[in-house]
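Trainee: I would like to learn how to read a structure of this kind. Could we take it feature by feature?

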Amino acid sequence: MALQSLDIKRRSATTTPPPGVRKTVELAKLIDISKCIGCKACQAACMEWNDLRDEVGTTTGVYDNPRDLNEKTWTLMRYAEVEPERGKLEWLIRKDGCMHCADPGCLKACPAPGAVIQYSNGIVDFHEENCIGCGYCVTGCPFNIPRLSREDSKVYKCTLCSDRVAAGLEPACVKTCPTGAILFGTKEDMLHHAAGRVTDLKSRGFAKAGIYDPQGVGGTHVLYVLQHADKPDLYCGLPSDPSIGPMVSLWKGAVKPLTSLAFGMIAAGAFFHYVIKGPNRVSEEIEKELEP
Amino acid sequence: MTNHWVDIKNADIVVVMGGNAAEAHPCGFKWVTEAKAHNNAKLIVVDPRFTRSAAVADYYAPIRSGSDIAFLGGVINYLLTHDKIQHEYVKKFTDATFLVSDGYRFENGLFSGYDKDKRSYDKTSWGYQKGADGFVLTDDTLQNPRCVFNLLKQHYARYTVDMVVRVTGTPKEQFLKVCEMIASTSVPDKTATFLYALGWTQHSTGTQMIRTTAMVQLLLGNIGMAGGGVNALRGHSNIQGLTDLGLLSNLLPGYLTLAGDKEQDFKAFLDKRASKPLRPGQMSFWQNYPAFHVSLMKSWYGDAATLDNDWCYEWLPKLDKLYDVLQVFEMMHQGQLNGYFAQGFNPLAAFPDKAKIGAALAKLKYLVVIDPLATETSEFWKNFGEFNDVDPAKIQTEVFRLPSGCFAEEDGSLVSSSRVLQWHYKGADAPAEARGDAEIIAGLFLKLREMYRKEGGAFPAPILNLNWPYMIPASPSPDELAREYNGKALADVTDPKDPAKVLAKTGEQLAGFAQLRNDGSTACGCWIFSGAWTQAGNLMARRDNSDPSGLGNTPNWAFAWPANRRIIYNRASCDSAGKPWDPKRKVISWDSKSQKWQGMDIPDMRPDAAPEQNVGPFIMNPEGVARLFGVDKLADGPFPEHYEPFETPLDTNPLHPGVVSNPAARVFKGDLAALGTSKDFPYIGTTYRLTEHFHFWTKHVNINAILQPEQFVEIDEELAGKKGIKSGDHVKVSSKRGHIKAVAVVTKRLKALDVDGRRVHTVGIPIHWGFKGVAKNGYIANTLTPFVGDANSQTPEFKSFLVTIEKV
Amino acid sequence: MQVTRRQFFKFCAGGLGGSSVAMLGFSAGEALAEVRSFKLTRTTEVRNTCPYCSVGCGLIMSSLGDRAKNAKSTIIHIEGDADHPVNRGTLCPKGAGLLDFIYSPNRLKYPEYRAPGSNEWTRISWDDAFSRIARLMKNDRDKNFVAKTADGLTVNRWLTTGFLAASAASNETGYLTNKMLRSLGMIALDNQARV
């Protein structure tokens, strides 16, 4: 019953359709950067709820800590000191993490059946017990989010607290956010709220305020309100027009029939390797390539 | 806070100055974002640094650390010269019309009565002119040159825009913009709230900075209003409560005070504190002082406190001077203290001039540390290399370290900044042998009392007679203690208007401080907390969060002192006729039908005092009104005046070069010698908290250590360029008192300012590191800070001192 | 079109997702997908207040064990109390990390003593600690208590031992501390209001 009760929309590397007669509401998390004070409460709550503790790192001259996402850090604040107008400093602080794309590049890229799941509510979840550690999801993600663990060769990322949501609660980061910069609800409500925020920001002098819900990935279930929606790059390199990588897209199109057999062979190899030898230890070479 | 956290949402203008609410109080700061979202409020941040509060501000203005009185004095001047004051409020609810003694003067940076040798003022000339009837003389026309309003105008006329810019370094345009935004709330239907914290208190002029703000708010008519007030955001979870309970050298619970040496006569002691009204018909609520004091003594000494022995007045210690922590550590440093206790407190890290504090602790015979965590103080004698380079063999102090439980392991109440007493419950046992704090205090006391009982000793009477009525003497329960500070009837308490009517029967819990008596028939451990645990039970544990007015007032959530009042001075939210200044934020109003004050909050007024009786809204003051002129209440003058920090980058005070720093501030001779000059230490050092950490605690907490792992200092790009420092480099920051090493964060969030013809840089120094914890070990930031304190609160000057910086 | 090794993997990945696994007869039924089980289903909830700053945020602490006699409560999670009128369920990074305060490796567990000149702690019993501290206090107080000043004023004070009271201690602790210390005539008493 697990599959049915979870209202699965899609599973990686699986052609048989999931049980799909139920329709649930489409959910979204809204991150209003204009309200964010960069306090990292979301990071703390994420670690606490998900029982994750990264290493105590070092200070490298910026506030960002840990320095980057990793298998134990599923969300983090990225700080940018910018002056869009000369002399007018803005400290733009973006909570980074999985965007829960409607058209998830990770899921499409994943060769391991059931390792990436998309629920009908929009959450894209990784099921590490099915992960073979190949790292394809990492390269398939237009936002550079999933991280391969050196400890167990599984890939981890934000689950949008699927365990809490399944139990009827909001995600941990949403609940904790002191200023209400993170909200959670139906995507429709979030977009409505975001539109109100954009109006308010425009009245406060941010003429280009807007909503970030990139259509290149079919829209996302994590939305941003940006003061400068015309320049997402200001926010520590938020992609202005993200899309699934050209190779993943290409595959979905014309080349598919031609290459099916070839990839089938590769997959078979990978799978039998997995069955016989256990989880892949990612070679250093691949690992280097997977580093952003 | 005069108001409360949720009330911030009612403001039109929120000023964050002398604090950094977004970082230090994020969950309270949400009510600022709510004010912006639902009240179209504007947030102004004035700070030397572009903080995380500034990151979400509508308007940010930089300011040189330590120059806030110059800034706010300039605001007062702006309001007066642009006629942006709320006239009726100022005339009716402040002392603007009061006439000041002819002897009062302010000349060349000094108020009348200064004694250079004693570094203090004779304040006799700082009073009002009084008539034959004992009441203060007033001039309702505001024409008399000696009326407070004209003296105020005269005092701040010197704070011209040019002078403000010269002293503060705030660009002119930005200063004027802030003035204009604040001034927009001088109309009755707009309010501004000021949120401050230790960014104001930690200066040698800290108290007066806050007073200047109170004066601004009075001129604007913003005190007592929903969305107004002067709001101190306390730094620790129960520092409000601990202060309310009188844990300061000169206080008793409920802001009652200890007597001085010369106050040998009990009646004179009470009379002095039970101040008589200074204007006709005023409440002067402190007239009830004797009832509060006698009830306290009945709580502490029970049957031993009698009318005949002045309710054990003699047993209370008398003060020859203040024993604030700077004084006490100065004495310790001179070898005059033998023993010291640090209960949940880490003085080695928290007090200025770490080298002096460490040397002082090493002169103790015994030190007792009671704490849930392994603090630096408890291991001040241990060598931690460069972070604490001491030789244990040379330190003869005996040290005891007693493990206490933490919040999760006890029942009890804390007082939030909103003055709300909230009850909490135990979730698990303390680890291993750790014990609750009350149990530890009781254990020590019982042992000591047993020794005095068996052996006698110095003045044993108060120890042997201390009222200790607890079911388990070695472990007084939180419930018992809470009932004790609430107070109970020792005999039937009757209604003074109708002696046949019994308000509280013998043995019953009292309903509030109105039931306290001065004849020994009531006991109450802290009069302002009375009402917290009544016959109805524990009101601190109430959990009704309904907000009937929609203004964020939840009167049945827990219990607020005094008397469950959520906005103090709320009588001032109505005009003289008892009508709200602004009907859409009505707190209370006079109901002519019932002939009572009524509303969403407990009226801060005698409930049946009809407006035409002209009872002033500031009922604690004998004036009945608020004081723009501080009379003799503060040590350093009736009007706030800008003085430079003791370590100033200017070497002068542009307002009066002859008097540079606060002439009445707390400073000891030896520490004056340890002050640096701008020649050797050209940059301003300022210490502060980061949002990822709490004081010196969370470096022991893994999650927070991960979020902000290692000590750093912040500098601007210009200074970094000059010194060849890049982000991530290791740097050494030095003051006259010592040095620290840390990672450099080079940032646009700090900018050099042009002050009095000089280019002034600020080095930002977060405080959170030390040599104990799970975060990376670091230096104690207070190695750098000077041992100098505010004239009134003796708070150390952590926010503005001099340093230099170099790459290592 | 130049295909790098990285792109090749991407390309492969796209393909694999589409069809290859089905070719292997890997059925969906084996790819079970369950969310992580909800960890608070039967925990005991207790309400508390954050011990850090003065906002006074309400907390809900969830602990293992249902308070049965044989179960020792262990707090496994803390989050904001949604009913609390001020924090409304939110917590800052300090509050959200409180669990690690409770389980800090630097929590003190036993009374300890450091002798003059020593470089180490030794464990002692509570009774030993109370007796020795009380003796030190009494010796100091008896020797240095000032009942009267030189000019005959009754002052009854003890200045040679001081006390700093905890800023996060409850009102009940604070009240008892003040009451006890004043009975000894202590004046050098302070709290963290200033720092």
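**Reading the features**

Trainee: In β8(C), which residue is the bridge partner of A342(B)?

Mentor: The bridge partner of A342(B) in β8(C) is L164(C). Keep in mind throughout that this is a predicted model. As for the general idea, strands of a sheet pair through backbone hydrogen bonds, and they do so either parallel or antiparallel.

Trainee: In which sense do strand β12 of chain B and strand β8 of chain C pair?

Mentor: They pair in the parallel sense, over four bridges.

Trainee: How many residues does each chain give to the contact between chain B and chain C?

Mentor: Chain B gives 135 residues and chain C gives 101 residues. On the side of chain B that touches chain C, helix α16 (residues 437–455) gives the most, with nine residues. By class, that side of chain B has 77 nonpolar, 40 polar and 18 charged residues.

Trainee: Let us take one residue of that helix. Is D437(B) buried or exposed?

Mentor: The idea is to count neighbours: a residue is buried if 20 or more other C-beta atoms lie within 10 Å of its own. D437(B), which is found in helix α16 of chain B, has 28 other C-beta atoms within 10 Å, so it is buried.

Trainee: Which residues does D437(B) touch, not counting residues up to four places away in sequence?

Mentor: From chain B, D437(B) touches Q343(B), I370(B) and S404(B); from chain C, it touches A166(C), A169(C) and T173(C). Take Q343(B): it is 94 residues from D437(B) along the chain, yet their C-alpha atoms are separated by 8.5 Å.

Trainee: What share of the contacts in chain B with a separation of 6 or more is between residues 24 or more positions apart?

Mentor: That share is 71%. As for burial, 63% of the 808 residues of chain B count as buried.

Trainee: Why does the radius of gyration of chain B agree with a compact globule?

Mentor: The approach is to compare the value with a rule based on chain length. For 808 residues a compact globule would have a radius of gyration near 28 Å, and chain B has 26 Å, so the two agree. Along the principal axes, the C-alpha atoms of chain B fill a box of roughly 85 × 70 × 55 Å. The secondary structure of the chain comes to 21 helices and 35 strands.

Trainee: Into which domains is chain B divided?

Mentor: There are domain 1 (6–232), domain 2 (325–464) and domain 3 (666–807). The C-alpha centres of domain 2 and domain 3 of chain B lie 27 Å apart. Their contact takes 20 residues from domain 2 and 23 residues from domain 3. On the domain 2 side, the elements that give two or more residues are α13 (325–333), α14 (347–350) and α15 (354–361) of chain B. That side has 11 nonpolar, three polar and six charged residues.

Trainee: How many of the residues of α13(B) are buried?

Mentor: Seven of its nine residues are buried, so to read it plainly, the helix is mostly covered. Among the buried residues are V325(B), F329(B), E330(B) and H333(B). Within chain B the buried residues of α13(B) pack against β12, α15, β26 (666–667) and β34 (788–789), and in chain C they pack against β8 and β9 (189–190). After α13(B) comes G335(B), which has a positive phi near 80°.

Trainee: Which residues touch the most other members of the largest nonpolar core?

Mentor: In soluble globular proteins, nonpolar side chains tend to be buried together. Here the largest nonpolar core has 394 residues, and C110(A), V14(B), V148(B), I715(B) and V733(B) touch the most other members. α16(B) supplies the largest share of this core, nine residues.

Trainee: How many residues lie between β18(B) and β19(B) in their hairpin?

Mentor: Two residues lie between them. The strands, residues 493–495 and 498–504, pair in the antiparallel sense over three bridges. T494(B) has V502(B) as its bridge partner in β19(B).

Notes
Residues are numbered from 1 along each chain as its sequence is written. Chains are lettered from A and ligands numbered from 1 in the order in which they are written. Two residues are in contact if their C-beta atoms, placed from the backbone, lie within 7 Å. Ala, Val, Leu, Ile, Met, Phe, Trp, Tyr, Cys and Pro count as nonpolar, Asp, Glu, Lys and Arg as charged, and the others, Gly among them, as polar. Two strands pair if DSSP finds at least two bridges between them. Domain bounds come from an automatic or database domain assignment. The radius of gyration is taken over C-alpha atoms; the globule rule is 2.2 Å times the number of residues to the power 0.38. A residue is buried if 20 or more other C-beta atoms lie within 10 Å of its own, exposed if 12 or fewer, and partly exposed in between; C-beta atoms are placed from the backbone. A nonpolar core is a set of buried Ala, Val, Leu, Ile, Met, Phe, Trp, Tyr and Cys residues joined through C-beta atoms within 7 Å.
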